Amino acid sequence: SFYGIFPKAKKTLFPLILLFVLTAALLFFFRPRTFDLSQAHTLVIQSGTTGEKVEITNSQKIARIADQFVSLRFYRKTKAHSAGWSYSLSWYDAQGNEQGSLTILSPGEVLWKDHYYTVRGGVVDTGLLEEWMETN
């Protein structure tokens, strides 16, 4: 057997495998996320202040927010620095199936699938979302 020929291999192999698994898990946990809204047909924005919802179907407006999100990177973190939330964003395909959603806590923080993320590479343009809430 392999371990009969190399008796110390068992003792050195296990820590190496454990180190590899732990490193892979950490890299997976802390990898940056992106959100692809480019295929969205409808965008629903909800205000965290008023609860009001606005549905956006204008393809130019959707492309504008999709372009912004593709340039941002979202890094998972353990807790939020923001209290409350600014906007909820959900996007749907042409058949009305939800493709994704997230909650914008602040221009620099989001909540997605019960996990907090910090924004790098810019910030979420909450001013643009506010403008759309007022004009639609």
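Glu 131 is found in helix H4, which covers residues 126–135. The model described here is a predicted one. With a relative accessibility of 42%, Glu 131 counts as partly exposed, because that class lies between the limits of 20% for buried and 50% for exposed.

Glu 131 also belongs to a patch of negative charge on the surface, where it gathers with Asp 125, Glu 130 and Glu 134.

## The loop at Ala 83

Ala 83 sits in the loop between strand S3 (73–77) and strand S4 (87–92). Its relative accessibility is 79%, so Ala 83 counts as exposed.

Ala 83 and Leu 105 are 22 residues apart along the chain, and their C-alpha atoms are separated by 7.5 Å.

## Aromatic pairs

The count of aromatic pairs comes to 5. One of them joins Phe 35 and Phe 74: the ring centres are 4.9 Å apart and the planes stand at 75°, so this pair is edge-to-face. The two residues are 39 apart, and the pair links distant parts of the chain, with Phe 35 in the loop between helix H2 (9–30) and strand S1 (42–47) and Phe 74 in strand S3. Phe 35 and Phe 74 are both buried.

Trp 112 and Tyr 117 also pair edge-to-face, because their planes are at 65°, where over 60 degrees counts as edge-to-face. Their ring centres are 6.1 Å apart. Trp 112 and Tyr 117 are buried.

## The aromatic cluster

The residues of these two pairs belong to one aromatic cluster, formed by Phe 35, Phe 69, Phe 74, Trp 91, Trp 112 and Tyr 117.

Definitions and conventions:
Residues numbered from 1 in each chain as written. Predicted model: local features only at pLDDT ≥ 70, side-chain atom pairs only at ≥ 80, totals over all residues. Heavy atoms only, no water. Patch = residues over 30% accessible without salt bridge, like charges linked within 9 Å, V, L, I, M, F, W, Y side chains within 5 Å. Areas by Shrake-Rupley, 256 points an atom, 1.4 Å probe, with all protein chains shown as cover. Salt bridge = Lys/Arg side-chain N within 4 Å of Asp/Glu carboxyl O. Lys, Arg positive; Asp, Glu negative; His and termini not counted. Charge placed at Lys NZ, Arg CZ, Asp CG, Glu CD. Helix = DSSP H or I, 4+ residues; strand = E, 2+ residues; numbered from the N terminus. Buried < 20%, exposed > 50% of the residue type's maximum accessible area, 1.4 Å probe, protein only. Phe/Tyr/Trp six-rings, centres within 6.5 Å; stacked < 30°, edge-to-face > 60°.
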